Amino acid sequence: FFDSSPFMSVVVTGDEVGLVKVWGVHKQLETPQLYQWGIQGRNRGVAAMCFGDEAQRDIMVAQNDGNLTKLTIARSGGLTASNVTRRICVPTRGGLMSDVSHGQERILSMSEDGTLEILKLEDPDGPDRRKITVPAPIENCAYQQGVIAFGGRHNDLKLFNLAVERVSWRAQNVDNNFLNMRQPIYVAATCFWRPDTPNMIAVGTGHGHLRVYDLRGPKKPVIDTKVTEYGDCRPTCIAKHHKFFESEVMLGDTMGNIYCVETRKCAKRVVTSGKLRPSSTGSIRAMALHPQQPCIASAGLGRKVLVHDIRERALITKAYGKHKMTAVLFSKEPAFIDKYRIGRDGNVYDDLWNYLDSAKKRKTKSANDDAEDEEKDDDEEGNVNDEDAEEENDEDEDGAEDEEKGKEQKKKAKKDKAAEHKKVEEVWKEVAAKEQEDKERKQKTKKAKRKCSTSKSVDSAPAGESGDGNGVQQSLPPKKKKRKVSKPVTS
C-alpha cells in the first residue's frame, strides 16, 4: 500500500463511537479518508491505540467494552481486522503500549484505577497473562525501553520498571507557595525527553504548569513554569520531537491550542516560541509526531484532525472526522516533500528524478514551440512593414493640415475670450455706479428726517421751560427735596 500510494504518510484516528479511520496525508492534495473500520456505539468508543510492530503496519485498538483488536494495513490496500481478546482492562489516555524488549511482542494496558495488564500477542489468554496493581488514579502514561511513567490527580509522577515489576522512582512535590501551603498535584500529560534514555521526563500538570524531571538529580522538577494563558485552561497532552528539536516541547490544552515551549531558558521564566495556527475548535485529546519529519498531527473534541509543520507554525492539511476523536497515530513513512512530487500536469511522481526528467521534456517542447512562433511572427512583420510606410506618409500630410487648423482655432478662441472679458468689466462698472447712487439717496433721506424731528421738538416746548437762542430746548436740573428734621421732645 505504501509503495503504490501517492500519499506520503498515514494518520490513524479513533473516535468516541468506535470508528477507526485511516487518512492519507499530502501537502498539496486534499486529505481523503482511505479506510474505515468499526461499528458505531457509545459503549464501543476507542479508548487508546498504538502501533503493534516496528514497521507500523499493525494497529492495536482498545475499546471501552474491553475488546482489543489488531488492524493491519495491507500493501494492496484495505484493512484486515483480527480480535485479540475480549476482556482487557480499559486503558487510560496513552495507556495502551507495545513492548518488544523481551524478544516477544507484548501488549501493556494501564487503566485509570491502577491496573496494569500484560499479555502476549501470540497467546493472549495464556499463563503469561497477568495483572499488576500500581498507585492510582492514573490520568496519563508514557512508555519507553521497559519503563512506564504515569501519574494523575493527587498522584505525583512515578516510574514503573517492567524488569523488576515494581515502582522504581517517585517524584517529590515542589516547594510550598508564599502562604506556606502545599501545592496541588495533578499530572495530566507525560512524555520522555530523549528516545535513547529514560532519564528525563516532561510533565504537563492540570494547573497549567510544565515540569521537567531529571532522574540523575533531585526528585523535584528541574524546570517548573506556567505555560497556559487562562486559569481554567489545562494541558491535556504533551509531545517532544527527539530528532529536530532538542529543547522544544509541544503542549496541547483544553482550549484547542498547541504551544511550542522553549525549555532552554525556562528555569526562570517561560519562553513560548509560538502557537500552531489555526488551532482546533475543541479540546485536544491526542497528539502524534512524525518520527522523521517536523510534523505533528492533533485531534480532539473539535472533530477535525490537523497536521501542522512545527518549523513554519503553519497548517499542512486537515480533515473532518464527523465524531469527537480520542486517539491519533502518525506513521513513519517518508515525509511530505521528500519522496513524492506533484507536477503541473497534476500527476504524482514517486521519484524526484522522474519529476525532473518530465520537467526537462516540458521545457524543450516549450522552447521549440517558441522558436516556431518567432519565425511566423518575423514573416508577418515583413509583409506589414510596407503597408505601414505608405500609411505613415499619408499621416504626415494630414498632420500638417491639422496643425494649421489648430492654430487658427486657438487665435479665434483668444479673441472670443478678450471680448467676453470686456463685456464682464462693463457690467461690473454699471453695477458699481448703481450702488453708489443708492448710497447717496439713503444719506439724503436720513438728513431730511433729522431736520424734521428737531423743528417739532422746539415748537412743542412747555411754558415753564426755556430754550436757547438757536431754538434748541434746554432742560432745568431737578430740584432737591428738603430733608425733614425731627425736633427733640421736652418735658
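**View 1. Contacts of Thr-115 in a predicted model.** Leaving aside neighbours within four places in sequence, Thr-115 is in contact (heavy atoms within 4.5 Å) with Cys-89, Ser-109, Met-110, Lys-131 and Ile-132. Thr-115 lies in strand 10, residues 115-120, where strands are DSSP runs of E with at least two residues, and helices are runs of H or I with at least four, numbered from the N terminus. With a relative accessible area of 17%, Thr-115 is buried, a term that means under 20%, while exposed means over 50% and partly exposed in between (1.4 Å probe, protein chains only). The C-alpha atoms of Thr-115 and Pro-91, 24 residues apart along the chain, are separated by 8.9 Å.

View 2. Asp-156 belongs to strand 14, residues 155-161. Although buried, Asp-156 has no salt bridge, and Arg-211, the nearest side chain of opposite charge, is 5.2 Å away; a salt bridge requires a side-chain nitrogen of Lys or Arg within 4 Å of a carboxyl oxygen of Asp or Glu. Beyond its neighbours within four places in sequence, Asp-156 contacts several residues, among them Phe-150, Ile-185, Val-187 and Tyr-213.

**View 3. A surface patch of positive charge.** Lys-407, Lys-410, Lys-411, Lys-412, Lys-414 and Lys-415 gather in this patch, which is made of residues with over 30% relative accessible area and no salt bridge, like charges being joined within 9 Å. Lys-407 is found in helix 1, residues 352-459, and is exposed, at a relative accessible area of 57%.

**Notes.** In this predicted model, local features need pLDDT of at least 70 and side-chain atom pairs count only at pLDDT 80 or more, whereas totals for chains, interfaces and linings use all residues. Residues are numbered from 1 along each chain as its sequence is written, and side-chain values use heavy atoms, with hydrogens and water left out.

Conventions
Patch = residues over 30% accessible without salt bridge, like charges linked within 9 Å, V, L, I, M, F, W, Y side chains within 5 Å. Areas by Shrake-Rupley, 256 points an atom, 1.4 Å probe, with all protein chains shown as cover. Lys, Arg positive; Asp, Glu negative; His and termini not counted. Charge placed at Lys NZ, Arg CZ, Asp CG, Glu CD.
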